[in-house]
Amino acid sequence: MDFYRLLTHTLVDIYVGEENSHYPLHEKLLCYHSPFFASIFYNKSNSSSRTKEFGLPEVEDAAFALFVGWLYARALRSPDEENDIGPLLDLYFLATKLQIAALQTDIVDTVRAYYHNNETYPGLRRVQYVYANTDEDNVMREMMVGSVARYLTLSDSIPEHWANALKKNGQLSVDIIRSIQEWHLEARNVPDARDASVDRGRNGFKGAVGFSHVEGNSEMEYVKEESEEEEEEKSHVNGNGVA
């Protein structure tokens with residue numbers, strides 16, 4: 001629908017967060033994009049349909065402000081650094097709550113592009129945050145775990161923090177295997193441990209032998225993971241504080 005046709009005279013008042021930040025928004029525009037709000041303001045049995053007011057005290061004001069920006073501009077600002085991913089994830093969780101599929105897609109594409117363009121991967125804390133706030137078969141979760149699957153598969157070792165996380169989180173481990181299965185690798189490209197005539201990869205990093213050598217080895221030259229901890233350390237060193 002044409003954007004300007006959605007800017008009718010009827011406004012609704014949305015109050016967000018503990019401070020009740022006030023956002024007057026065009027009702028038709030809001031409800032067009034959000035089935036959540038449509039069920040509230042277009043439901044005559046709901047008092048909000050008469051008062052044109054609704055509160056979201058559990059929602060962070062910063063995330064809702066980003067949503068309002070997207071609602072009227074239909075665009076997201078590309079992240080300049082890894083610290084900008086956090087607010088985008090909060091916006092994604094809000095978009096899920098408000099049932100706005102188009103915004104969810106835009107955020108996933110924006111986060112995906114950041115990691116791809118910067119030749120880096122989501123850090124463990126980002127992945128854990130997404131798992132804590134999403135359900136199975138969630139697109140953001142699948143994109144994150146798919147990235148991690150590639151990161152770990154192309155590495156010579158498993159960083160200790162990832163090894164510990166995979167031991168504790170069985171679902172994450174299973175999802176990584178699922179992601180690898182979706183690559184549909186040809187059998188000839190996968191080493192066969194049953195075949196004694198080929199190198200099965202047992203001799204590992206710097207002559208180490210067995211599975212244990214892949215844990216706790218930080219010398220990973222082929223790929224890199226975006227580390228929030230490193231970003232914070234850089235900020236302190238530069239005197240800029242933590243974003």
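Accessible areas come from the Shrake-Rupley method with a 1.4 Å probe. On that basis, the accessible surface of the chain comes to about 14800 Å², and carbon and sulfur atoms account for 48% of this surface.

## Overall make-up

The model is predicted. Its chain has 243 residues, of which 40% are buried. The secondary structure consists of 11 helices and 3 strands. In sequence order the elements run β-β-α-α-α-β-α-α-α-α-α-α-α-α.

## Helix packing around α10

Two packed helices are described by the angle between their axes and the distance between the axes. Helix α8 spans residues 139-153 and helix α10 spans residues 170-181. Their axes come within 9 Å and cross at roughly 80°. Angles from 65 to 115 degrees count as roughly perpendicular, and α8 and α10 are therefore roughly perpendicular to each other. On the α8 side the contact is made by R141, V145, G146, V148, A149, L152 and T153; on the α10 side it is made by L172, D175, I176, S179 and I180. By class, this contact of α8 with α10 has 7 nonpolar, 3 polar and 2 charged residues.

Helix α9, residues 160-168, also packs with α10. Here the axes are 5 Å apart and the angle is about 105°, so α9 and α10 are likewise roughly perpendicular to each other. W162, L166 and K168 of α9 take part in the contact, together with G170, L172, S173 and I176 of α10. The contact of α9 with α10 divides into 4 nonpolar residues, 2 polar and 1 charged.

## Aromatic pairs

The whole structure contains 11 aromatic pairs. A pair of aromatic rings is described by the distance of the centres and the angle of the planes. One of the pairs is formed by F36 and F54, with 6.0 Å centre to centre and 75° between the planes, an edge-to-face arrangement. F36 belongs to helix α2 (residues 35-41) and F54 to strand β3 (residues 53-56). The pair links distant parts of the chain, 18 residues apart. F36 has 16% relative accessibility and so counts as buried. Ring pairs also link F36, F37, F41 and F54 into a cluster.

The rings of F93 and Y129 have their centres 5.3 Å apart and their planes at 75°, so this pair is edge-to-face. F93 sits in helix α5 (residues 85-97) and Y129 in helix α7 (residues 124-133), and the pair links parts of the chain 36 residues apart. The two partners fall into separate accessibility classes: F93 is buried, with a relative accessible area of 14%, whereas Y129 is partly exposed, with a relative accessible area of 33%.

## Loop residues with positive phi

Most residues other than glycine have a negative phi, and most peptide bonds are trans. E119 has a positive phi of about 50° although it is not a glycine. The position of E119 is in the loop between α6 (101-117) and α7. With a relative accessible area of 63%, E119 is exposed.

D137 also has a positive phi, of about 70°, and is not a glycine. D137 is placed in the loop between α7 and α8. Since its relative accessibility is 63%, D137 counts as exposed.

## Other loop positions

N43 is found in the loop between α2 and α3 (48-51). N43 is partly exposed, its relative accessible area being 31%. When neighbours within four places in sequence are left aside, N43 is in contact with A38 and S49.

D84 occupies the loop between α4 (61-73) and α5. D84 has 27% relative accessibility and therefore counts as partly exposed. D84 and V111 are 27 residues apart in sequence, and their C-alpha atoms are 9.5 Å apart in space.

Technical notes:
Residues numbered from 1 in each chain as written. Predicted model: local features only at pLDDT ≥ 70, side-chain atom pairs only at ≥ 80, totals over all residues. Heavy atoms only, no water. Axes fitted to C-alpha atoms, helices over the stretch in contact; angles between N-to-C directions. Helix = DSSP H or I, 4+ residues; strand = E, 2+ residues; numbered from the N terminus. Parallel < 35°, antiparallel > 145°, perpendicular 65-115°, else oblique. Contact = heavy atoms within 4.5 Å. Nonpolar A, V, L, I, M, F, W, Y, C, P; charged D, E, K, R; others polar. Buried < 20%, exposed > 50% of the residue type's maximum accessible area, 1.4 Å probe, protein only. Phe/Tyr/Trp six-rings, centres within 6.5 Å; stacked < 30°, edge-to-face > 60°.
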